[in-house]
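Let's take a friendly walk through a protein model. Have a look at the sequence and the 3D view before reading on.

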Amino acid sequence: MNARRKLWRILLPARVVAQDELRPGVETPMHDVLPQTHAVHTHPTMIDGLACAPHAEEHARRLFGNSLVSIPVVNLGYTLGIVARRAVQRSIADLTVRLRSCFFFKAHGLMVAGNILDEIRERHD
Ligand SMILES: [Zn+2]
């Protein structure tokens with residue numbers, strides 16, 4: 001069984017409300033790697049403009065410092081989940097990264113994680 005099929009066999013029964021016609025979103029594995037309780041994933045115009053710009057990571061680092069974990073451009077779904085998991089693990093080992101709760105996806109968008117919604121809203125803003 002390939003890794004993608006194995007992943008879906010795990011994810012499908014994990015739905016809060018098991019409905020045969022619905023399945024978890026393609027980015028669910030990415031959210032699952034986070035230690036925080038909640039994650040908000042958005043594609044704000046200003047962030048996407050930055051994320052799609054040449055040298056996006058350099059500009060993001062200049063604006064936000066080490067509060068961002070940068071995720072490279074990869075295929076969505078399983079591949080993104082694996083790449084995000086590795087980035088989170090590296091950021092936890094890297095003591096120069098301050099928050100480990102703001103994820104900058106090159107050519108994609110932003111994800112902010114936290115344990116309470118107000119915390120996420122503040123970080124997202
Ligand atoms: Zn997205």
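## Before we start

This is a predicted model: local features need pLDDT of at least 70, side-chain atom pairs count only at pLDDT 80 or more, and totals for chains, interfaces and linings use all residues. Residues are numbered from 1 along each chain, as its sequence is written.

## The whole chain

The protein chain has six helices and four strands. Here helices (H or I, at least four residues) and strands (E, at least two) are DSSP runs, numbered from the N terminus.

Of the 125 residues of the protein chain, 20% count as buried. A residue is buried if 20 or more other C-beta atoms lie within 10 Å of its own, exposed if 12 or fewer, and partly exposed in between, with C-beta atoms placed from the backbone. Two residues are in contact if their C-beta atoms, also placed from the backbone, lie within 7 Å. Among contacts between residues at least 6 apart in sequence, 65% join residues at least 24 apart.

The four strands form an open sheet in the order 1-4-3-2, with mixed pairing. Two strands pair if DSSP finds at least two bridges between them. At the edges are strand 1 (38-42) and strand 2 (68-71), each pairing on one side only. On average, neighbouring strands of this sheet are turned by 20° against each other, direction ignored. Such angles run from 0 to 180 degrees between N-to-C directions, using axes that are lines fitted to C-alpha atoms, for helices over the stretch in contact.

How do strand 2 and strand 3 run? They are parallel, and four bridges join strand 2 to strand 3 (residues 102-105). Ser 70 stands opposite Phe 104 in strand 3, while Ile 71 has Phe 105 as its bridge partner. Strand 3 and strand 4, in contrast, run antiparallel and are joined by four bridges; Phe 103 stands opposite Met 111 in strand 4.

In a regular strand the side chains alternate between the two faces of the sheet. In strand 3, Cys 102 and Phe 104 point one way and Phe 103 and Phe 105 the other way, and all are buried.

Helix 5 (residues 78-93) has 16 residues. From first C-alpha to last it reaches 23 Å, close to the 22 Å expected at 1.5 Å a residue; the expected span is 1.5 Å times one less than the number of residues. Its buried residues are Tyr 78, Leu 80, Gly 81, Ala 84, Val 88 and Ser 91. They lie on the same side of helix 5 because they cover an arc of only 150° around the axis, taken from the directions from the helix axis to the C-beta atoms. On the other side, Arg 86, Gln 89, Arg 90 and Ala 93 are exposed.

## A loop residue

Strand 3 and strand 4 form a hairpin with three residues between them, and Ala 107 in the turn has a positive phi of about 55°. Lys 106 is found in the loop between these strands.

Is Lys 106 buried, exposed or partly exposed? Lys 106 is partly exposed because 17 other C-beta atoms lie within 10 Å. Not counting residues up to four places away in sequence, Lys 106 touches several residues, including Ala 51, Ser 70 and Ile 71.
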